[in-house]
Amino acid sequence: MPETPIRERDPNAKRVRIADEALRLFQTQGYTETTIDQIASAARVGRRTVFHHFPTKEAVLFDHLVVRREAATRRLRERPAGEPPLTSLHLLLRDLAEQGYEQRLVEQIQAVVATEPQLAAEQFSTGTRAFETSLATVLESRCGDAVPTLEIRALTKMALGWFATAAQVYLTEKRPSLLECFDDVVAVCAQASARDLQCFPASTKPDS
């Protein structure tokens with residue numbers, strides 16, 4: 001006999017329960033073998049409720065990362081108005097890396113990714129594009145005409161490249177610290193830029 005669905009007023013609690021049960025099923029019986037119906041049954045919600053919160057199974061798997069991205073976008077709006085865009089992005093993403101993720105959930109995601117490695121690459125790509133759009137929109141609104149749109153978009157994509165690379169290394173290589181991965185990636189990119197961009201022809205440099 002099916003269990004009675006849980007009814008609650010807090011939609012976030014329902015979302016967390018669905019994600020938790022999905023991760024448990026992915027880990028115990030396999031990602032591919034787990035169905036939306038099974039997730040709904042385990043979370044004691046309807047199938048429609050699962051799709052209301054998550055458009056795909058991939059979205060359920062990486063929800064813990066997505067929630068942090070949404071919080072980061074809100075914090076970007078609170079950064080000082082006169083702060084340079086790249087400074088805001090670096091501090092924001094470093095703070096996100098320093099906060100890290102709940103270890104239990106990270107271990108569950110890592111276990112699933114280990115058996116389905118293509119999921120990490122696909123979801124990071126999709127999730128990063130959405131995050132990029134959100135951050136660039138906030139910066140464009142904040143900077144107005146003071147900073148060219150091209151500059152904001154380029155800097156946002158570059159900064160998110162740092163974070164996405166750090167997160168992927170952290171999850172797939174099971175490194176102990178997301179913050180250390182992030183700092184390593186930023187340092188390598190900064191050093192390579194300072195070294196290699198000196199060789200660019202003058203015609204390719206800004207304001208030439």
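**Entry 1**

I counted ten helices and zero strands in the chain. I note at once that this is a predicted model. Read from the N terminus, the order of elements is α-α-α-α-α-α-α-α-α-α.

The chain has 208 residues, and buried residues make up 41% of them. I also looked at contacts between residues at least 6 apart in sequence, and found that 69% of these join residues at least 24 apart.

**Entry 2: The nonpolar core**

Which residues have the most contacts inside the largest nonpolar core? I found F26, L61, L93, F163 and F182, in a core of 54 residues. Helix α9, residues 149-173, gives the most to this core, with eleven residues. I recorded the general background as well: in soluble globular proteins, nonpolar side chains tend to be buried together.

F163 lies in helix α9. Its relative accessible area is 5%, so F163 is buried, the cut-off being under 20%.

**Entry 3: Aromatic rings**

I looked for aromatic pairs and the count came to two. Why is the pair of F26 and Y31 described as tilted? The planes of the two rings stand at 55 degrees, with the centres 4.9 Å apart, so the pair is tilted. The step rests on the cut-offs, because planes under 30 degrees apart count as stacked and those over 60 as edge-to-face.

Are F26 and Y31 buried or exposed? F26 is buried at a relative accessible area of 3%, and Y31 is buried at 7%. I also found a charge at the ring of Y31: the charged end of K57 sits over this ring, 4.4 Å from its centre.

**Entry 4: Helices α6 and α10**

I examined how helix α6, residues 85-99, packs with helix α10, residues 178-196. Their axes are 7 Å apart, at an angle of about 150 degrees. The crossing of α6 past α10 is right-handed.

Which residues meet here? From α6 I listed H90, L93, R94, A97 and E98, and from α10 I listed L178, L179, F182, D183 and V186.

V188 counts as exposed because its relative accessibility is 54% and the cut-off for exposed is over 50%. The C-alpha atoms of V188 and W162 are separated by 9.8 Å, and the two residues are 26 apart along the chain.

**Entry 5: R44**

Where is R44 placed? I found R44 in the loop between α2 (36-43) and α3 (47-53). R44 is partly exposed, with a relative accessible area of 28%.

I noted R44 for its backbone: its phi is near 60 degrees, a positive value in a residue other than glycine.

How values were computed:
Residues are numbered from 1 along each chain as its sequence is written. This is a predicted model: local features need pLDDT of at least 70, side-chain atom pairs count only at pLDDT 80 or more; totals for chains, interfaces and linings use all residues. Side-chain values use heavy atoms; hydrogens and water are left out. A nonpolar core is a set of buried Ala, Val, Leu, Ile, Met, Phe, Trp, Tyr and Cys residues joined through side-chain atoms within 4.5 Å. Buried means under 20% relative accessible area, exposed over 50%, partly exposed in between (1.4 Å probe, protein chains only). Helices (H or I, at least four residues) and strands (E, at least two) are DSSP runs, numbered from the N terminus. Rings of Phe, Tyr and Trp (its six-membered ring) pair if their centres lie within 6.5 Å; planes under 30 degrees apart count as stacked, over 60 as edge-to-face and the rest as tilted. A charge sits over a ring if NZ of Lys or CZ of Arg is within 6 Å of the ring centre and within 35 degrees of the ring normal. Axes are lines fitted to C-alpha atoms, for helices over the stretch in contact, and angles run from 0 to 180 degrees between N-to-C directions. A crossing is left-handed if the near helix is turned anticlockwise from the far one by less than a right angle, and right-handed if clockwise. Contact means heavy atoms within 4.5 Å.
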